[in-house]
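Reader: Could you help me learn to read a protein model, one feature at a time?

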Amino acid sequence: EEADTVGCCSLRVEHLHFDPKQEGGDNKEIELEFLGKDSMLYKQTIDFGSAMYNDNNGMGVQVYENLKKFCGKKKNSEEVF
């Protein structure tokens, strides 16, 4: 039996959770959750609205908007990229 492991190229919409805490407003958080190599769980929340991703010409908000757009019209089982 093989595990359903994923990587960057096989990331599916179901692995991204936008505004995972349902805070609403200008929240730009994405939670990534999937089984990676060797079936290791990867679960990380990234705040693309934070200064770390936006200072010094950072593109955090643009990355968030692009990912949301990529996922917007796809089924959960479809790949993001």
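**Reading the model step by step**

Author: Gladly! Along the sequence, the protein chain runs in the pattern β-β-β-α-α, where helices (H or I, at least four residues) and strands (E, at least two) are DSSP runs numbered from the N terminus. This is a predicted model, in which local features need pLDDT of at least 70, side-chain atom pairs count only at pLDDT 80 or more, and totals for chains, interfaces and linings use all residues. Residues are numbered from 1 along each chain as its sequence is written, and side-chain values use heavy atoms, with hydrogens and water left out.

Reader: How many helices and strands are there in the protein chain?

Author: There are two helices and three strands. The C-alpha atoms fill a box of roughly 45 × 25 × 25 Å along the principal axes.

Reader: What share of the residues in the protein chain is buried?

Author: Buried means under 20% relative accessible area, exposed means over 50%, and partly exposed is in between (1.4 Å probe, protein chains only). Here, buried residues make up 27% of the 81 residues.

Reader: Which residues have the most contacts inside the largest nonpolar core?

Author: A nonpolar core is a set of buried Ala, Val, Leu, Ile, Met, Phe, Trp, Tyr and Cys residues joined through side-chain atoms within 4.5 Å. The largest one has 13 residues, and Leu16, Ile30, Leu32 and Val80 have the most contacts inside it. Strand 2 and helix 2 (60-72) each supply at least two residues of this core.

Reader: And what is Leu32 in contact with?

Author: Contact means heavy atoms within 4.5 Å. Leaving aside neighbours within four places in sequence, Leu32 is in contact with Leu11, His15, Leu16, Tyr42, Lys43, Gln44 and Ile46.

Reader: Now the charges, please. How many salt bridges does a search of the whole structure find?

Author: Side chains of opposite charge can pair when their charged atoms come close. A salt bridge is a side-chain nitrogen of Lys or Arg within 4 Å of a carboxyl oxygen of Asp or Glu. The search finds two of them. In one, Lys28 pairs with Glu65, with the closest N and O atoms 2.9 Å apart. Lys28 lies in the loop between strand 1 (16-18) and strand 2, and Glu65 in helix 2, so this pair ties together parts that are 37 residues apart in sequence. Lys28 counts as buried at 16% relative accessibility, while Glu65 is partly exposed at 34%.

Reader: Which side chains meet in a salt bridge at 2.7 Å, N to O?

Author: Those of Glu14 and Arg12. Arg12 is buried, with a relative accessible area of 14%, and Glu14 is partly exposed at 36%.

Reader: Where is Glu31, and what is its nearest side chain of opposite charge?

Author: For charges, Lys and Arg count as positive and Asp and Glu as negative, while His and the chain ends are not counted. Glu31 sits in strand 2 (residues 29-35). Glu31 is buried yet has no salt bridge, and the nearest side chain of opposite charge, Lys43, is 4.3 Å away.

Reader: What about Glu29?

Author: Glu29 also lies in strand 2. Glu29 is buried without a salt bridge, and Lys21, the nearest side chain of opposite charge, is 4.1 Å away. Beyond its neighbours within four places in sequence, Glu29 is in contact with residues including His17, Thr45 and Tyr64.
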